[in-house]
Amino acid sequence: MSSMMQPQIILLKEGTDTSQGKPQLISNINACVAVADVVRTTLGPRGMDKLIHDDKGNTTISNDGATIMKLLEIVHPAAKILVDIAKSQDSEVGDGTTTVVLLTAEFLREAKPFIEDGIHSQNLIRSYRTACNLAIGKIREIAVSIEGKSLEDKKDLLAKCASTTLSSKLIGGEKEFFASMVVDAVLAIGNDDRLNMIGIKKVPGGTMRDSFLVNGVAFKKTFSYAGFEQQPKKFLHPKILLLNIELELKSEKENAEIRLSDPSQYQSIVDAEWNIIYDKLDKCVKSGSKIILSRLAIGDLGTQYFADRDIFCAGRVAEEDLNRVAAATGGTVQTSVNNVIDEVLGTCEIFEEKQVGNERFNIFSGCPSGQTATIVLRGGADQFIEEAERSLHDAIMIVRRALKNSTVVPGGGAIDMEISRYLRQHARTIAGKSQLFINSYAKALEVIPRQLCDNAGFDATDVLNKLRQKHALPSGEGAPFGVDVNTGGIADSYANFVWEPAVVKINAITAATEAACLVLSVDETIKNPKSESAQGEAAAGAMGRGGRGGFGGRGRGMRRR
Ligand code: ADP
Ligand code: MG
C-alpha cells in the first residue's frame, strides 16, 4: 500500500522507449556492420553490382556506395550515419564511398570486443582520433605530386587516375576510352567550379564505343512545329540569340475584356495581336542571328517565319542546356527582344543538327569561351547507361580533384597496408591500453585489401600475409605494393598505375573515424512515442484516416490514473 502512495517521478513521457549503456552501443555497432555488409561486395574492380528494386517498380543497378546506401532506405538511427557519410564523401570528393562505409563499420567491429569487456568508449574514441591524425600525416608524407609536369604528361597521369576509378565499374572494359574522354572534358572546362558545365546526355542504343565528347554543348532536338524541316541545319560561325520569351501567337482576347461598339473594330484587335508577334519576330531577325533558342515555346508562326529567312530556331530548350549554351558561346539570355545588341549574341565554330541513334541532336562545337563539354553516352539498356553516367561522374570528380590537389597515393590497398604497418609500429612505442586500441585501428584498415581479395575470389589471408611481409621490409621499398586483382598475388600499385588522389583517402579515413567515434559516443537512444504516433498518423492519413492516434491518446490517459 505504501508503495502506491509514493510520488512518481516522471522524467519522460510515459511510453518513451529508451535503452542504455553497453547493450545500446553493441546494438548500434551491429546495425552499422550489417549495413556495411550490404555494400561490402561492391568494392574494387572485381566488385559485384547491386540490383535495387523499389516499391514503385524502379530498378537500379549500381556499384556506387553512395547510390546504394541512398536507395536502401535505412531507418535505424545509428546506421543512418553511414548513409550520411557516404553521401558527404560523394559530394566532397565524389569517390571512395564504399571505402568510407567499410572503414567505419570495421572501426566499430574492432571496437566491439573492447566495449563488451567494459572499456569506456571515450578511451577508444581518444585513441582512434590520435590514430586518424597519424594516418593522415602518413598519407601526406607518401603522396606523390604530379605538379609541374607538361600538359601531355599531366593528361596521361590524370587519365590513369580516371581509369582506376572506372576499373571497378560496369564500363571498366572500356576504361581507357572513357578515361581520356573524361580528362578532355575536365580540361575543357578549365577552372570552372560548376560541375554541371560538363553535360552528360544519354542516348540508348548503339555500343559504348559510340559515345563521344562534344567540345561544347549538345542537346536533344526540342519539340518542333511545322516549317522546322525547311530550316537550315548547319551553320559556320553563326550568331546565336538566346531568349527567355514566348514567340507564339497569343489569344490576347482570352486574357482581356474588350468592349466593342462597332463590329468593324474587331478586325483591328485581331490585327494588333498579329502585329505584336510579327514585331517580335522581326526584331529577332534584325539582330542578325542565325540561331534562335528560347526557353519558352516558339510556335508554328515563328518557326515558319524563321524558316523563310534561313534561320534555325528551337523552343522549349531546357534551362540547364540554355545556360550551358550561354556559357559556351559567350551569349546572354535575353528576356526581351527590344534593343538586342551584338554583345549579347553568342557564337560558335560549327552548329549542326545531327542524328545520334534514334534521336536528333543540336550540337554546338568549337565554342570560344570553352568552359563546357558534353559527353554523349551510348549503350544498350537504360539501367546500363544510368550506371555508366554515375561511373563517369565518379571519374570526373576524381580528375577534377587530382587536378586541384595534384597528389596521388598507390591504390589497391597499398596505402591502407602502409598506414596499418606504420600505426602498428607506432603503437609499440605507446604504454597503456591505447596501444591496443591503436593496434585495432591499424587492423581495421586492412579491411580494404582484404575485401579487394575476397571480391576477386582470392585467398585473402594468403595475400595479406604477403603484403604484410612486403610492407615490413626495412628499406621501405614494399610501400607501394597492393593487391593485384588480375593474378591474385601482389603487385606494385604505382608501377601498375593503380592510383588514387590522396584527398580521397584522407577524406575517407577522416570521415570514417569521425563517424565511428560518433556511434561510439552514443549510449542511449530515446524514442518519443509522440513523434512515432505522429508519423503513424501521417502514414495512416495517406491511406485514409485511421484511429490510431486517438486510441494511443486514450491508452495513455487511462494508465496515468
Ligand atoms: P569506392 O566507392 O570506395 O570508390 P570502388 O568500388 O571504386 O569503391 O573501389 C575502390 C578501391 O578499389 C580502391 O581501394 C582502389 O584502390 C581499388 N582499385 C581500383 N582499381 C584497382 C585495380 N586495378 N587493382 C587493384 N585495386 C584497385
Ligand atoms: Mg571508386
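Guide: A residue counts as buried when its relative accessible area is under 20%. The model shown here is predicted.

Visitor: Is Trp-499 buried or exposed?
Guide: The cut-off for a buried residue is a relative accessible area under 20%. Trp-499 has a relative accessible area of 9%. Because this value falls under the cut-off, Trp-499 is buried.

Visitor: How many aromatic pairs does the structure hold?
Guide: Ring centres within 6.5 Å count as a pair. On that basis, the number of aromatic pairs in the structure is 15.

Visitor: Which kind of aromatic pair do Phe-107 and Tyr-441 form?
Guide: Planes under 30 degrees apart count as stacked. The rings of Phe-107 and Tyr-441 lie 4.3 Å apart, centre to centre, with 10° between the planes. The pair is therefore stacked.

Visitor: How many residues apart are Phe-107 and Tyr-441?
Guide: Phe-107 belongs to helix 5 (residues 97–116), whereas Tyr-441 belongs to helix 15 (residues 434–445). The pair thus links distant parts of the chain, and the separation is 334 residues.

Visitor: Is Tyr-441 buried or exposed?
Guide: Buried residues have under 20% relative accessible area. Tyr-441 is at 0% relative accessibility, and Phe-107 is likewise at 0% and counts as buried. Tyr-441 therefore counts as buried.

Visitor: Which kind of aromatic pair do Tyr-494 and Trp-499 form?
Guide: The centres of these two rings are 5.9 Å apart, and the angle between the planes is 75°. An angle over 60 degrees counts as edge-to-face. The pair of Tyr-494 and Trp-499 is therefore edge-to-face.

Visitor: Which residue in strand 20 stands opposite Val-409?
Guide: Strand 17 (residues 407–410) pairs with strand 4 (residues 144–145) in the antiparallel sense over two bridges, and Val-408 is the bridge partner of Val-144. Strand 17 also pairs with strand 20 (residues 499–501) in the antiparallel sense, over three bridges. In strand 20, the residue opposite Val-409 is Glu-500.

How values were computed:
Residues numbered from 1 in each chain as written. Chains lettered and ligands numbered in written order. Predicted model: local features only at pLDDT ≥ 70, side-chain atom pairs only at ≥ 80, totals over all residues. Heavy atoms only, no water. Phe/Tyr/Trp six-rings, centres within 6.5 Å; stacked < 30°, edge-to-face > 60°. Helix = DSSP H or I, 4+ residues; strand = E, 2+ residues; numbered from the N terminus. Buried < 20%, exposed > 50% of the residue type's maximum accessible area, 1.4 Å probe, protein only. Pairing = 2+ DSSP bridges.
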